[in-house]
Amino acid sequence: MFYREAGQFKTTYQDDQAVFPVLQDKAAVFLLILVAYAVPFVADEYWLQAIFIQFLVFALMAIGLNILMGYAGQVSLGTGAFAAVGAYACYKLTTNIEGMNIIVAILLSGGCAAAVGVVFGLPSLRIKGFYLAVATLAAQFFILWLFNKVGWFYNNNPSGTITAPPRELFGVLITGPSASPEARYIVCLTFLIVFAWFAKNLVRGRIGRNWMAIRDMDIAAEIIGIRPLQTKLLAFAISSFYCGVAGALMIFCWLGSAETEAFDLVNVSFRVLFMIIIGGLGSIGGSIMGAAFIILVPIFLTNFPPMVGLDISTALQKHLEEIIFGVMIVFFLIVEPEGFARLWQILREKLRKWPFPY
Amino acid sequence: MKFRKLVLATAATVVGLGTFAAAEIAKADEQFFPMLVYRTGAYAPSGIPVANGFRDYYTLLNKRDGGINGVTVTFEECETQYKTNLGVECYEKLKGNGPTGASLFNPYSTGITYQLIPKASVDKIPILSMGYGRTSAADGRVFEWVFNPPATYWSQASAVIKYFSRRAGGYDKLAGKKIVHLHHNSAYGKEANPTLEVLAKRYGFKLTLVPVDHPGQEQASQWRQIRRIKPDFIFMSGWGVMNQVAIKEAGNIRYPMDQFVGNWWSGSDADVVPAGDGAKGYLSTTFHGAGSDFGVHADIIKHIYGGDAAAAKENKVGEVLYNRGVVNAMFATEAVRTAQAKFGNKSLTGEQVRWGLENLNITQETLDKLGFKGMVSPLKITCEDHETMGPVIIQKWDGAKWSYASEWLTPMRDIVRPLVEADAAAYAKENNITPRNCN
């Protein structure tokens with residue numbers, strides 16, 4: 001009933017090939033985007049600064065990893081490292097080049113991350129599956145060690161922390177401590193929407209199909225004429241580009257200042273991996289849903305007991321959060337191993353047939 | 001059906017939460033202190049006693065004195081696990097609580113301090129990073145909102161080198177000596193390096209920097225390196241589990257404990273107890289007394305634990321880091337008291353508390369009255385000097401308790417202060433800050 005597609009005729013190829021061919025989907029997505037842009041008018045600083053911006057940054061990173069892992073089938077644990085490359089590159093670019101536009105700097109740092117990603121993606125031609133994961137783990141450890149060790153990367157300041165300098169876009173401060181959370185939120189949101197839209201189109205086209213062919217059976221793909229090296233490296237490059245941009249946004253729009261520890265294996269790489277597993281491998285929407293789950297649920301669980309007036313110690317609260325969150329992950333994976341994306345798909349099918357399922 | 005239930009449940013929760021939020025009504029005459037704590041994770045052994053110290057002192061003020069001049073002290077904990085991303089969340093969550101917002105922040109993490117420094121001047125909430133954080137924040141002309149009394153990492157490093165020179169028999173004897181700085185490979189651990197390098201050049205000792213990666217449970221390679229170097233002295237800047245592992249490893253290679261000096265974050269009971277007898281003779285710096293024999297402890301045991309010394313001990317009362325939490329809470333509340341003298345006995349804003357911090361003058365008389373006799377040195381913060389360069393002392397672990405093992409050592413102001421001012425000036429230039437005039 002809610003999802004009746006009857007009567008929606010496609011008269012041009014363009015219509016038929018649209019990202020969201022069904023009217024209801026299109027309307028829902030536009031509505032969602034509108035709501036997202038309206039959030040700064042209602043949310044307070046805590047929600048924006050601590051939760052929503054964090055969510056947007058991680059959603060972008062999850063899309064990046066999903067391109068590599070969900071579509072091209074290359075397991076990677078180097079997400080944190082590629083994000084760190086983006087963050088440090090953006091720091092170097094903005095502090096050393098006078099008057100550089102911040103958006104250009106962020107995009108260029110994504111490019112740096114892409115280049116590093118290609119280098120660490122080279123072994124993917126010979127190594128597969130879990131072994132590749134271990135190889136990308138090397139990127140994680142090596143790059144963080146390098147950024148901690150070589151003073152040039154953090155302009156030789158005594159503490160080794162990088163700090164986002166204040167930068168403006170169209171006359172509005174968007175980075176640095178004085179930038180309003182609303183401005184940062186809008187910047188991150190715009191980045192996420194543009195990049196998600198780009199990724200969605202990428203995976204529907206020739207490149208995405210090449211990736212999926214490689215993922216499903218690389219020998220067969222090779223036989224039908226897909227070059228494994230270029231395809232895999234392109235996946236690494238684009239995925240790292242996304243991660244790099246997200247890493248730059250992480251420092252410039254969210255944390256404001258950080259050391260390499262902010263990009264460590266557990267805090268970033270594994271977290272993003274869990275996001276796409278929970279959200280759904282091979283789904284752009286799933287990446288966003290997974291990021292929302294992994295970020296919002298623990299914060300909700302921590303804040304819930306005091307909200308309902310339960311007076312429990314901080315440590316117990318944290319432990320409870322971890323236990324309940326762990327149980328929820330196991331539960332969701334048992335109920336739907338293919339993640340939220342699949343859950344949404346099932347729901348959508350049900351809605352189409354409601355109230356007369358067959 | 002399943003989905004409908006899910007939707008209904010979510011909706012119900014959302015509505016419920018809204019009601020609870022609306023039910024929170026601001027009360028008058030309360031002074032709110034946010035607490036960023038870490039009672040879980042790799043740094044919990046260090047985080048728990050600090051957090052307990054804060055909690056007990058704030059509670060004590062309410063129970064013993066009825067608050068600060070009649071203004072009730074309120075506080076709320078937020079778990080950061082020593083992680084910077086959780087630190088941001090906690091900061092945003094707590095900064096607006098209480099009738100006038102947070103009084104000041106004690107991040108207890110150098111990484112989180114770095115993150116909050118630029119925000120402090122925007123949100124108008126001061127940071128009191130007692131003996132940690134950004135060293136150059138000691139220059140109050142640039143860092144108006146940050147206070148790091150009684151001494152910084154750089155002052156501390158200079159005091160430690162002073163101590164080494166006395167052990168060696170004079171500054172001239174330091175030449176050619178091998179000193180290792182075993183440090184946590186983070187903003188915190190690296191902080192002392194520049195000063196140590198300057199001192200190495202000045203006194204001619206050979207300095208080797210040995211970093212230990214977070215969290216520091218694995219240090220075999222570092223100690224192999226140390227065994228090869230055979231240093232005359234080791235200075236350690238560790239935190240959390242790293243400390244106990246290092247002390248155990250030092251025992252394993254039979255390194256003489258009386259040549260091994262930790263900084264004041266590497267010298268609490270939780271660091272030495274796990275190493276057992278091997279830790280006997282271990283040294284560390286400090287700026288306050290250890291143990292529970294001071295006046296304030298008697299009050300805490302009486303008012304909070306109902307005279308039950310065993311329960312107090314279980315809550316870490318008297319441990320080095322517990323005492324640090326108490327001292328820190330005392331500095332914070334005294335700053336509020338100072339500000340009250342100017343602004344009146346009511347809930348004060350962060351801006352007013354900042355004034356209190358800048359004019360904080362803790363005299364021996366105040367200390368005696370508050371029960372801190374013999375526990376901390378008096379201190380006076382000025383507009384220019386947010387650090388005060390208070391004296392540092394070396395304490396020794398004898399297997400059961402800490403006791404002083406040196407006289408009070410004054411940091412080398414002539415060396416440290418120019419470095420501080422240079423770094424602060426660089427920061428000011430980078431961030432377009434015009435240093436204020438303090439005269």
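1. Helix axes are lines fitted to C-alpha atoms over the stretch in contact, and angles run from 0 to 180 degrees between N-to-C directions. On that basis, in this predicted model, the axes of α2(B) and α11(B), the latter covering residues 295-303 of chain B, approach within 10 Å and cross at roughly 75°. Angles of 65 to 115 degrees count as roughly perpendicular, and α2(B) and α11(B) are therefore roughly perpendicular to each other.

2. The residues that form this helix pair can be named. From α2(B) come D56(B), L60(B), K63(B) and R64(B), which meet D299(B), I300(B) and H303(B) of α11(B). By class, the contact between the two helices comprises four charged, two nonpolar and one polar residue.

3. The domain assignment divides chain B into domain 1, made up of 28-151 + 292-381, and domain 2, made up of 153-286 + 390-412. The centres of domain 1 of chain B and domain 2 of chain B, taken over C-alpha atoms, are separated by 27 Å.

4. The contact between these domains involves 19 residues of domain 1 of chain B and 23 residues of domain 2 of chain B. On the domain 1 side, the elements of chain B that give two or more residues are α2 (44-65), α4 and α13 (320-343). The residues on that side of domain 1 of chain B divide into 12 nonpolar, six polar and one charged.

5. The contact between the chains takes 29 residues from chain A and 31 residues from chain B. On the side of chain B that touches chain A, two or more residues are given by each of α1 (2-23), β2 (72-79), α3 (84-94), α4 (110-123), α6 (187-190) and α7 (193-203) of chain B. The residues of that side of chain B comprise 12 charged, 10 nonpolar and nine polar.

6. As to chain A, its secondary structure comes to 14 helices and four strands. The radius of gyration of chain A is 21 Å, close to the 21 Å that the globule rule gives for 358 residues, so chain A is as compact as a globular protein of that length. The C-alpha trace of chain A spans about 70 × 60 × 45 Å along its principal axes.

7. Two further values describe the packing of chain A. Of the 358 residues in chain A, 45% are buried. Among contacts in chain A between residues at least 6 apart in sequence, 75% join residues at least 24 apart.

Definitions and conventions. Residues are numbered from 1 along each chain as its sequence is written. Chains are lettered from A and ligands numbered from 1 in the order in which they are written. This is a predicted model: local features need pLDDT of at least 70, side-chain atom pairs count only at pLDDT 80 or more; totals for chains, interfaces and linings use all residues. Two residues are in contact if their C-beta atoms, placed from the backbone, lie within 7 Å. Ala, Val, Leu, Ile, Met, Phe, Trp, Tyr, Cys and Pro count as nonpolar, Asp, Glu, Lys and Arg as charged, and the others, Gly among them, as polar. Domain bounds come from an automatic or database domain assignment. The radius of gyration is taken over C-alpha atoms; the globule rule is 2.2 Å times the number of residues to the power 0.38. A residue is buried if 20 or more other C-beta atoms lie within 10 Å of its own, exposed if 12 or fewer, and partly exposed in between; C-beta atoms are placed from the backbone. Angles under 35 degrees count as roughly parallel, over 145 as roughly antiparallel, 65 to 115 as roughly perpendicular and the rest as oblique.
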